[in-house]
Amino acid sequence: MEIVDETARPRLAPHVRMTFNAARGEHALLSPETVWVLNSTGAAIVELCDAERTVAEISVELRSRYDQVAEGDVQRFVAELVAKHGMEVDHG
Amino acid sequence: MDKPYGLLAELTYSCPLHCAYCSNPLELDNYRDELTTEEWQRVFAEAADLGVLQLHLSGGEPLQRRDIVDLVRSANQVGLYTNLITSGLGLSLRRAEQLREAGLDHVQLSIQADEQALSDHIAGTPSFERKHVAAGLVKQLGWPLTLNVVLHQQNIDRISGILDMAEAMEADRIELANTQYAGWAGPNQAGLLPSRDQLERAEALVQAAKERLGNRMEIIYVIPDYYSKYPKPCMDGWASRQFTVVPNGEALPCPAAHELARSLDLPPANVRDHSLGWIWEEAPLFQQFRGDAWMPDPCRSCDRKDIDFGGCRCQAFALTGDAAKTDPVCHLSPDHGLVEAAVAAANDPNSPTERTLIPRPQMGRPFRKTTATQGTTAGTPVTLLPTVLKGQHS
């Protein structure tokens with residue numbers, strides 16, 4: 001299994017894309033059989049997952065925008081999506 | 001009431017394959033009066049307005065529609081995630097390139113077996129080689145590849161070879177789904193339902209493959225509900241999260257609800273007569289089994305009623321003739337004996353090992369007035385609304 005730690009560089013899996021659904025007023029990740037509804041923090045994390053930034057860098061960036069980002073939030077979020085094949089990570 | 005997330009668009013019941021487990025309705029010729037290009041385009045736009053995010057383009061064989069590229073482009077333009085569910089027959093390089101350019105997000109390719117003779121036998125037509133070509137095209141054009149395998153008596157012992165083939169095709173995902181006994185699979189059930197020994201071997205192989213492949217290929221295994229204690233949470237409840245529009249425009253809360261819908265004698269819910277919004281929110285067919293007020297016992301007093309929603313309405317109808325009954329798969333159902341008898345027959349050493357299956361026949365010529373203009377208009381890229389983040393907390 002892929003390790004999601006502070007140095008991991010996450011990106012969406014190739015078959016997944018994010019959309020903003022006007023009818024619901026919410027963001028969602030779309031994959032062939034699954035829709036993951038995102039809150040605005042989740043959407044902000046996904047937008048920062050560009051295969052360049054590390055989890056640590058995304059956390060720093062997110063804290064500059066929100067004042068309620070807990071330690072480990074980004075890592076947990078990414079790890080959950082990796083486990084569900086919605087994201088992939090690189091290291092180094 | 002929630003808004004629907006998914007729409008299954010069964011574009012046509014025309015199909016070059018004759019799989020005996022096909023979930024299409026028995027009365028295929030009732031669906032020849034197919035929606036036009038413009039009618040489907042209106043349906044897709046209304047679906048997006050209604051909150052639908054995913055569009056599954058299926059059939060029959062959706063590539064039998066000459067306007068498939070235009071349909072994909074329209075769906076993409078209104079922001080839908082488009083998923084083509086295909087046998088691969090009809091996917092030429094040119095057609096694949098057009099679909100890519102039109103914005104098709106994902107391809108699901110059906111696989112019958114890992115050997116040519118068995119695969120062509122199950123499909124009822126030479127198709128094995130063409131599926132390999134189609135899989136190659138999907139990867140070559142940069143799509144993620146999902147393989148759909150319907151499991152039954154004739155191919156479940158080939159799981160190991162099927163998984164090896166999927167790896168060789170560089171599939172990203174493979175869905176190994178035991179047959180649901182809807183449509184043509186209903187009358188063929190005795191020749192399709194695997195034995196308990198077959199299932200146990202298959203499940204051990206799937207588990208080992210999951211451990212071996214890790215993240216390289218996602219394996220989704222759908223258990224056979226005939227061997228389960230409780231029914232599946234079919235469609236996450238009737239008219240709850242997704243729905244289907246069939247080739248002639250009838251809207252159904254479940255892809256297998258054709259005959260059930262007719263039996264209820266309710267006013268038709270057809271996209272030719274009504275908006276999708278009205279159908280989802282108001283149509284009597286969609287209201288019929290929504291929520292839990294319709295439930296009989298044992299469901300009504302069961303603490304699992306919010307987990308499995310009484311199971312599959314279509315299965316209850318197919319097996320008992322009454323769509324409002326508890327799914328007979330449930331061990332608490334008064335009709336569970338019907339399922340037990342089928343399972344007993346599948347495990348009886350004296351049962352015939354090879355039964356003759358009824359092939360899904362070819363549909364008559366569809367009535368179509370399509371106005372396809374292939375590859376002439378440039379696709380407009382979908383732009384996501386910019387996200388306002390600063391100062392928002394959730």
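Modeller: Two strands pair if DSSP finds at least two bridges between them; helices (H or I, at least four residues) and strands (E, at least two) are DSSP runs, numbered from the N terminus. The model is predicted: local features need pLDDT of at least 70, side-chain atom pairs count only at pLDDT 80 or more, and totals for chains, interfaces and linings use all residues. Residues are numbered from 1 along each chain as its sequence is written, while chains are lettered from A and ligands numbered from 1 in the order in which they are written.

Chain A holds three helices and five strands, in the order β-β-β-β-α-α-α-β from the N terminus. Three of the strands form an open sheet with antiparallel pairing, ordered β2-β3-β4 (chain A). Its edges are β2 (17–21) and β4 (35–38) of chain A, each of which pairs on one side only. On average, neighbouring strands of this sheet are turned by 30 degrees against each other, direction ignored; axes are lines fitted to C-alpha atoms, for helices over the stretch in contact, and angles run from 0 to 180 degrees between N-to-C directions.

Five bridges join β2(A) to strand β3 (residues 26–30) of chain A in the antiparallel sense. Within this part, A:Met18 has A:Leu29 in β3(A) as its bridge partner.

Helix α1 (residues 40–48) of chain A lies across β2, β3 and β4 of chain A and runs at about 110 degrees to β4(A). Contact here requires that the C-beta atoms of two residues, placed from the backbone, lie within 7 Å. Of the contacts in chain A with a separation of 6 or more, 55% are between residues 24 or more positions apart.
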